[in-house]
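The structure comes first, followed by the findings.

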Amino acid sequence: MRIQDVAYIALFAALTAVLGLIPRIDLGFVPVPITAQSLGPMLAGSILGARRGALSQVLFVLLVAVGLPLLAGGRGGLGVFASPSAGFVIAFPLAAALIGLATERVWSRLGFLSAFAINIVGGIGIVYAIGIAGLALIAGLSLRDAGAASIVFLPGDLLKAALAASVAIFVKRGYPVIETRQVRSDDL
Amino acid sequence: MIAANDVGLLAGLIGATILLYVAARLPFGTIFAALRPVLIICGFIFALQLVLAGLPQAAATALRIIALVLLTSLVTLTTRLSDMLDTLTSAARGLAPLGIDPPKIALAVGLTIRFIPMLLHDFQEVQNARKTRGGRGFSILAAGPLIIKILRMTDALGNAIAARGFENRK
């Protein structure tokens, strides 16, 4: 792996952390505020591709685990992984990997709609599947109730998937990272 | 432990954990600080369980979450960040046969920590530029150019590190 790739991985780990610092939207009727943090794995996967995207999210999760307060609301430490929302964070690497894999496959034909669909499946589908399973396990809820409790975040996450898709297309046109890697792959 | 449902057992476990906090000479307030992030969601789940499954189940769930969070937070509170990072690097050394390069992991950790204030600064810059022009909040239109800007900066940084021979330093 090139040093430039290490730098990209660090960049998107940092970006995921910074997205948790951007002012939160409080819905009022839900106990958990909506943050931009779940944009992290979406952007990492659709801009860096599967390998680097997933590694950036692994790095982010590891840094949270060792105690850096990088999660939205300044949370961090091992306690995060015992809290009811643990699954939503643990899912980040897998989400980025899947989004990256799908994005790389359709890369030459990637448009807004395909990027949007990929981000919905990976960034919402995967994250919700693991997150809801974790919520059900830790909070002792049935999968249905845990799912119902999480559904309030869906509109915000759909918005984030759309934003991630539009940024991904913008970056693909202006400064493609995934393609550059393929061109340079012979100098590895 | 996740399966423990006995309220008395869980309360005892929390009591024992609090004793560990005392033994670690942590101020009493840290217990509440450790619980603060999960308090709201814990209350929410308690209320939900109270309706769905009754008081014993609701109490057991809330106590279980509190016990788990207190125990895991204790590790974080009593371990220096540098020790945690050392553990991470030595774990990476064990993974070296899988093609993982420990110095690169250390570099990635250092870069991430350095990137965070840089990204915040860039983000604020864009917001201030918008404010000057009478805009309010963050515009989605700024996200794409901002990402390209930081990708470029990262490329330059990666090239600079590579040019200084980071990879040939073994």
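## Aromatic pairs

B:Phe28 is exposed (over 50% relative accessible area, with under 20% counting as buried and values in between as partly exposed; 1.4 Å probe, protein chains only), its relative accessible area being 54%. B:Phe32 likewise counts as exposed, at 54% relative accessibility.

This is a predicted model, in which local features need pLDDT of at least 70, side-chain atom pairs count only at pLDDT 80 or more, and totals for chains, interfaces and linings use all residues. Side-chain values use heavy atoms, without hydrogens and water, residues are numbered from 1 along each chain as its sequence is written, and chains are lettered from A and ligands numbered from 1 in the order in which they are written.

Over all chains, a search of the whole structure finds 4 aromatic pairs (Phe, Tyr or six-membered Trp rings with centres within 6.5 Å; planes under 30 degrees apart are stacked, over 60 edge-to-face, the rest tilted). One of them is edge-to-face because the rings of A:Phe88 and A:Tyr128 have centres 6.2 Å apart and planes at 85°. A:Phe88 belongs to helix 4 (residues 86-90) of chain A and A:Tyr128 to helix 6 (residues 112-139) of chain A, 40 residues apart; helices are DSSP runs of H or I, at least four residues, numbered from the N terminus. A:Phe88 is buried at 19% relative accessibility, and A:Tyr128 is buried at 9%.

## Helix 4 of chain B

The buried residues of helix 4 of chain B are B:Met84, B:Leu88 and B:Ala92. On the other side of this helix, B:Arg93 and B:Gly94 are exposed.

Methods
Helices (H or I, at least four residues) and strands (E, at least two) are DSSP runs, numbered from the N terminus.
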